[in-house]
Amino acid sequence: MDAFIASVFLGIIGAGYVMYGRRAHNPVALVAGILLCVFPYFVESLAWTLAIGAGLLAAPFFISP
C-alpha cells in the first residue's frame, strides 16, 4: 500500500514535469516526467520506487538540456 501511495505522488509530480518540459522546451524535464508517470507500473518494491523516483526527480537539476 505504501508503494501505491508513493506511486501516486510521483505520478502527480511527473505530470507537472511534463507540463513544464513542454512549455519550457526542456527535453530532460519532459522525459523525466514521462518516466515518473510510467515507471511505478513496473516496480513493486517501495525502496526501489523511492530510489528511482528520487533519481528522476533530481535529473532535470543536474542534466542540462
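The buried residues of helix H1 pack against helices H2 and H3, where helices are DSSP runs (H or I, at least four residues) numbered from the N terminus and contact means heavy atoms within 4.5 Å. These buried residues are Ala3, Ala6, Ser7, Leu10, Gly11, Gly14, Tyr17, Val18 and Gly21. Buried stands for under 20% relative accessible area, exposed for over 50%, and partly exposed for values in between, with a 1.4 Å probe and protein chains only. An α-helix has 3.6 residues a turn, so residues three or four places apart point the same way.

The model is predicted: local features need pLDDT of at least 70, side-chain atom pairs count only at pLDDT 80 or more, and totals for chains, interfaces and linings use all residues. Residues are numbered from 1 along each chain as its sequence is written, and side-chain values use heavy atoms, with hydrogens and water left out.

H1 has 23 residues, which at 1.5 Å a residue should span 33 Å, and its end C-alpha atoms are 33 Å apart, in agreement. The expected span is 1.5 Å times one less than the number of residues.

**Helix pairs**

The table gives the packing of two helix pairs. Axes are lines fitted to C-alpha atoms, for helices over the stretch in contact, and angles run from 0 to 180 degrees between N-to-C directions.

| Pair | Angle | Axis separation |
|---|---|---|
| H1 (residues 2–24) and H3 (residues 46–62) | about 15° | 10 Å |
| H2 (residues 27–38) and H3 | about 165° | 8 Å |

H1 is therefore roughly parallel to H3, and H2 and H3 are roughly antiparallel to each other. The cut-offs are under 35 degrees for roughly parallel, over 145 for roughly antiparallel, 65 to 115 for roughly perpendicular, and oblique for the rest. H1 and H3 cross in a left-handed sense, and the crossing of H2 with H3 is left-handed. A crossing is left-handed if the near helix is turned anticlockwise from the far one by less than a right angle, and right-handed if clockwise.

On the H1 side, Asp2, Ala3, Ala6, Ser7, Leu10, Ile13 and Tyr17 meet Leu46, Thr49, Leu50, Gly53, Leu56, Leu57, Pro60 and Phe61 of H3. This contact of H1 with H3 has 11 nonpolar, three polar and one charged residues. Ala, Val, Leu, Ile, Met, Phe, Trp, Tyr, Cys and Pro count as nonpolar, Asp, Glu, Lys and Arg as charged, and the others, Gly among them, as polar.

Between H2 and H3, the contact joins Val28, Ala29, Ala32, Leu35 and Leu36 of H2 to Gly53, Leu56, Leu57, Ala59 and Pro60 of H3. By class, the contact of H2 with H3 has nine nonpolar, one polar and no charged residues.

Ser7, in helix H1, is buried at a relative accessible area of 17%. Its contacts, apart from neighbours within four places in sequence, are Pro40 and Thr49.

Leu10, also found in H1, is buried with a relative accessible area of 9%. Leaving aside neighbours within four places in sequence, Leu10 is in contact with Leu36, Phe39, Thr49, Gly53 and Leu57. The C-alpha atoms of Leu10 and Ile63 are separated by 19 Å, with the two residues 53 apart along the chain.

**After H1**

His25 follows H1 and is placed in the loop between H1 and H2. Its phi is near 55°, a positive value in a residue other than glycine. Most residues other than glycine have a negative phi. His25 is exposed, with a relative accessible area of 70%.

Key. Helix = DSSP H or I, 4+ residues; strand = E, 2+ residues; numbered from the N terminus.
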